Amino acid sequence: MTKPDSLPQTSKSNQAGKQCLSSLPDFVQQALIILQQAGFEAFIVGGCVRDLLMGHQPKDWDITTNARPTDILAALPDSKYKNSFGTVIWPIYLTDSTEVLEITTYRSESDYDDHRHPSEIIFEDKLENDLSRRDFTINAMAMNQNGDIIDYYGGQKDLQQGIIRTVGEPADRFKEDALRLLRAVRFSNRFNFIIEPKTERAMIKLAGSIKFIANERIRDELIKILAGPQPYEGIKKLHETKLLQYILPELEEGDGVAQNHHHIYTVFDHNLLSLKHCPSQDYLVRLAALLHDVGKPRAKKTINGQTTFYNHEYISAKLTQKIMTRLRFSNQEINRVVNLVRNHMFYYNVGEVTEASVRRLIAKTGEQNLADLIDLRIADRLGSGTAKAKPYKLRHLEYMFDKVRHDPVSVKMLKINGTDLMQKFGLEPGPQIGAILDVILADVINNPQLNEREVLLKLAQPLINLNLAELRQRAKTVIAEERSLEDQQLRQQHRV
Ligand code: ATP
Ligand code: MG
């Protein structure tokens, strides 16, 4: 065990540690004691010490020790290797959950379980060497089972003052691992801490090195910022530290791009402010708010002396797809966000928009996405500086959604299916079946009362002799007639 006289702690810091002891679960304390009784040093370390000192409940517990992996395995029954970097995990079966402790030998090469493969792991004998490789002072503290805090880098003081500061020379530390650039923004954002000026200057200078970081890892950091308590401030910080231009260059295209006289903000500011005002906690809806107008700079045109952004929602949807694919979001996540961005321009006005057109909106967007679409509209409105979040119009739209909610809006909801068509008309399976159903659906959306088996079969009768191209054309015409009408209203309303 580290001798008390070698601990760089004040009695005050000791007190803070003692106060944390009551939050230390028995199984963690147990692991520390077992390792010590086996003749080794053992401390909890990193994020969990930081969280304890802040009075937060740590979400996981990391233990660091001078015991080598084989010693750890021998000391802790049922423990096993987690990976090839010598990290050992020790599962603890509690009555209602299973906790997993991670125990790592002091080391100077990092293994953060992040798909990086350090060329070599160097085990260390001194705790200090392990702490010195950690990123920020507040993340570089250790605590033993007595509540003694080991703090070589002023982590407690920075914690009290709310400062993110690298351990050691900032530029060196960011050059070692550029992911720390994003971690600095994330922690400062999450805890509402400032980034120490020298650390921030190094970040700005080295921002470009973020390109060496795998897109998956950038995505994970971005998600954490978006899901955090103040995503707007986080994205703004990425902008200020020059990181955003490498992560979301398409968004930066809107910087300084003025809109027309209906908007007081630039495209960039409006996108960010929409994120700020997004009522949803869901990081994907928040991402949709951030990107909903990302295509505006590319859609900007001057027609008869008027600035317009015709079709910007489609360009924004395309760009959103590109961005999210690059950042390796899953297809499911991409589809959700792209769908919201593409449909964010829906027009609604009481008395003016028919139930059929609300049904068409539902058909396009998907019933399960309507609440998100409303949230996006609220974000968009508040992000333009428009005072009311839920004007009468939007509340009325929600009422309309409820009203038409059970009306047929997809082929699945029709009272006939492909098998019915095949049996009744002796048709072969093939794309023609789906195309007939699409034409019928377009009619049923206009008039849900048609959704009766016999009626639908009658509607199908004249369609069975049409070929695929003709059928597709038919479905399109029914939808397109309505669409152009809606588009016209929409453009007038939004002057885009
Ligand atoms: P969170 O609560 O978000 O998990 P955390 O501080 O526990 O925060 P982790 O990513 O779980 O963060 O990492 C655990 C510890 O490992 C950190 O506290 C820090 O000491 C160290 N660490 C993690 N990533 C890095 C890195 N890229 N560079 C240096 N040290 C790191
Ligand atoms: Mg952690």
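Author: Start with Lys59. An N or O atom in the side chain of Lys59 sits 2.6 Å from an oxygen atom of ligand 1. Keep in mind that this model is predicted. Next comes Asn139. Here the backbone takes part: one of the N or O atoms of the Asn139 backbone is 2.8 Å from an oxygen atom of ligand 1. Then look at Arg186. Its side chain has an N or O atom 3.1 Å from an oxygen atom of ligand 1.

Now consider the cover. On its own, ligand 1 exposes 580 Å². The protein buries 88% of that area.

Which elements give two or more residues to the shell around ligand 1? They are helix H3, residues 47–53, and helix H8, residues 179–191. Helix H8 gives the most, with five residues.

Step back to the whole shell. Ligand 1 is surrounded by 15 residues. The closest are Arg50, Lys59, Asn139, Asp177 and Arg180.

For another kind of packing, turn to helix H21. It runs through residues 392–404 and has 13 residues. From first C-alpha to last it reaches 18 Å, close to the 18 Å expected at 1.5 Å a residue. Its buried residues are Leu394, His396, Leu397, Met400, Phe401 and Val404. They cover an arc of only 155° around the axis, so they lie on the same side of H21. Their cover includes helix H19 (355–365) and helix H20 (370–383).

How values were computed
Residues numbered from 1 in each chain as written. Chains lettered and ligands numbered in written order. Predicted model: local features only at pLDDT ≥ 70, side-chain atom pairs only at ≥ 80, totals over all residues. Heavy atoms only, no water. Helix = DSSP H or I, 4+ residues; strand = E, 2+ residues; numbered from the N terminus. Expected span 1.5 Å × (residues − 1). Buried < 20%, exposed > 50% of the residue type's maximum accessible area, 1.4 Å probe, protein only. Arc of directions from axis to C-beta. Contact = heavy atoms within 4.5 Å. Near = heavy atom within 4 Å. Polar contact = N/O pair within 3.5 Å; in protein donor to acceptor, adjacent residues only side chain to side chain. Areas by Shrake-Rupley, 256 points an atom, 1.4 Å probe, with all protein chains shown as cover.
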